[in-house]
Structures are given as structure tokens and as C-alpha cells.
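Please look at the sequence and the structure first.

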Amino acid sequence: MRPVQFNNKVKTADIPESYTGEGFMATKFDSVIGLARQNSIWPLPFATSCCGIEFMATAASHYDIARFGAERMSFSPRQCDLLMVMGTISKKMGPVLRQVYLQMAEPRWVLSVGACACSGGIFDTYSVLQGIDQIIPVDVYVPGCPPRPEAILDGFMKIQDLVGQEGLRRRNSEQYKALMGSYGIQ
Ligand code: SF4
């Protein structure tokens with residue numbers, strides 16, 4: 001039988017901070033959950049215009065977001081944990097975006113991709129929302145018009161860092177409730 005050839009370039013996830021010794025490893029429950037979560041993110045691509053095309057390139061074979069454990073796109077807010085907003089969001093679209101965010105279960109994260117989603121971009125006009133953080137909290141911003149796939153992946157990796165480091169009780173904290181309260185979300 002032919003032996004299985006392992007590719008030395010395959011990189012496994014780093015083990016969380018831990019105490020190790022002869023035959024044992026002890027770590028925090030938070031770290032284990034964080035490790036699992038950060039490497040199995042299910043994104044919901046909310047793409048409205050040109051930045052969405054960059055995202056398609058990010059998901060395709062050359063950049064391959066599957067390498068980060070995030071190839072399972074969700075087009076239902078009920079089965080996702082990362083809302084990726086890519087493109088111009090008009091004021092009419094704002095309530096729809098907010099509704100999608102509200103339908104996501106906790107814990108949820110938001111990545112704002114491109115100048116339009118971050119700040120309205122070049123569309124400084126009466127009909128365009130001047131940044132999605134006016135209606136929902138954003139965790140990471142990716143600048144650019146459009147950002148290249150490398151930039152989107154960089155933003156995604158920053159989200160992974162946040163996810164991996166987040167304590168399990170953060171969502172019950174007073175600070176988090178205050179953040180949600182500032183957006184009128186209970
Ligand atoms: S930031 Fe630029 S590329 Fe992205 S949606 Fe806006 S206009 Fe299009």
C-alpha cells in the first residue's frame with residue numbers, strides 16, 4: 001500500500017496557553033472554546049455591490065477562505081456567527097441590515113469591508129448610510145475601495161483573534177449590555 005504523503009506546509013492551529021507536563025496539558029475552557037470557534041466561523045456575506053466581487057475572489061480557489069475554516073457560507077442569519085458587510089448600504093437598506101443582525105444568535109461578530117460599509121465611501125449623499133456602525137456595532141473595519149482579497153483576509157484574521165480571545169462571559173457583561181443599549185438593542 002502506498003504510504004500517505006503529508007504536506008509539510010500544512011499548519012495546525014496553535015495550542016492555547018496552557019500548562020504542560022509529562023502526559024498532560026491543562027488549559028482554560030475559554031481557550032478551548034475560543035480555539036474551536038475561531039477556526040470554524042460561518043460567515044454571512046451581505047454583499048450589495050463591488051466589494052462583494054472582491055469577496056467572491058476571496059472565497060474562490062486562489063485566496064481560498066476555506067483555509068481558515070470559513071468556507072461554509074450562511075445565507076440565513078440563524079446559522080451564522082460573522083456578518084460580513086461588503087458594499088454600499090443605502091439608508092433604505094439600513095433597516096434590512098439591522099434586521100439581519102438582530103436575527104443572528106449570540107455570539108455574533110461584524111466585519112465591515114470597504115470604504116462604503118465603513119463610512120459611506122465616495123457616496124457622501126443623502127441616500128447612503130455613512131457607515132454601518134450608525135446602526136449596528138462593528139468589530140473590525142477593512143479600509144479600501146475596494147479592499148483586495150488580502151485585506152479582506154487580514155480583517156478576517158483579526159476577527160479570528162477577537163473570537164479566540166473572547167471570554168465566555170463577555171456577552172453577559174455590563175459593558176456589552178451598554179454597547180448593545182447604545183444601539184437600542186436589548
Ligand atoms: S468601497 Fe468602493 S469598491 Fe467597495 S462597494 Fe464602495 S465603491 Fe464599490
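**Basis of the description**

The model is predicted: local features are reported at pLDDT of at least 70, side-chain atom pairs count only at pLDDT 80 or more, and totals for chains, interfaces and linings use all residues. Residue numbers start from 1 along each chain as its sequence is written.

**Overall fold**

The protein has six helices and six strands. Helices (H or I, at least four residues) and strands (E, at least two) are taken as DSSP runs and numbered from the N terminus. Along the sequence these elements follow the pattern β-β-α-β-α-β-α-β-α-β-α-α. Taken along the principal axes, a box of roughly 65 × 45 × 25 Å holds the C-alpha atoms.

Burial is judged from C-beta atoms placed from the backbone: a residue is buried if 20 or more others lie within 10 Å of its own, exposed if 12 or fewer do, and partly exposed in between. Of the 186 residues, 28% count as buried. Two residues are in contact if their C-beta atoms, placed from the backbone, lie within 7 Å. Among contacts with a separation of 6 or more, 77% join residues 24 or more positions apart.

**Hairpin and sheet**

Two strands are said to pair if DSSP finds at least two bridges between them. Strands β1 (residues 18-21) and β2 (residues 24-27) run antiparallel and are joined by four bridges. Within this pairing, Tyr19 stands opposite Ala26 of β2. Two residues lie between the strands of the hairpin, and Gly23 takes a positive phi near 80°.

A further four strands form an open sheet with parallel pairing, in the order β3-β4-β5-β6. Its edge strands are β3 (43-47) and β6, each of which pairs on one side only. On average, neighbouring strands of this sheet are turned by 20° against each other, direction ignored. Inside the sheet, β4 (residues 82-86) and β5 (residues 109-113) pair over five bridges.

**Helices**

Axes are lines fitted to C-alpha atoms, for helices over the stretch in contact, and angles run from 0 to 180 degrees between N-to-C directions. Helix α2 lies across β3, β4 and β5, and runs at about 145° to β3. Helix α2 also packs against α5 (residues 149-165), at an angle of about 75° and with the axes 9 Å apart. The two helices are therefore roughly perpendicular to each other, a term for angles of 65 to 115 degrees. Glu54, Phe55, Ala57 and Thr58 of α2 meet Pro149, Ile152 and Leu153 of α5 in this contact. By class, the contact residues are five nonpolar, one polar and one charged. Here Ala, Val, Leu, Ile, Met, Phe, Trp, Tyr, Cys and Pro count as nonpolar, Asp, Glu, Lys and Arg as charged, and the others, Gly among them, as polar.

Helix α6 (residues 174-182) lies largely in the open, because the number buried among its nine residues is zero. Gly184, which follows α6, has a positive phi near 70°.

**The ligand shell**

The residues around the ligand include Cys50, Cys51, Cys116 and Cys145. Helices α2 (50-59) and α4 (114-119) each supply at least two residues of this shell, and α4 gives the most, with three. The shell has six nonpolar, five polar and no charged residues.

**Two residues in context**

Tyr141 is found in strand β6 (residues 140-142). Tyr141 is buried, since 20 other C-beta atoms lie within 10 Å. Leaving aside neighbours within four places in sequence, Tyr141 is in contact with Ser112 and Cys118.

Val100 is found in helix α3 (residues 94-103). Val100 counts as partly exposed, with 17 C-beta neighbours inside 10 Å. Beyond four places in sequence, its contacts are Phe46, Pro77 and Leu83.

For each of these residues, the table gives one C-alpha separation.

| Pair | Separation in sequence | C-alpha distance |
|---|---|---|
| Tyr141 and Gly114 | 27 residues | 7.7 Å |
| Val100 and Leu44 | 56 residues | 9.6 Å |

Definitions and conventions:
Near = placed C-beta within 6 Å. Parallel < 35°, antiparallel > 145°, perpendicular 65-115°, else oblique.
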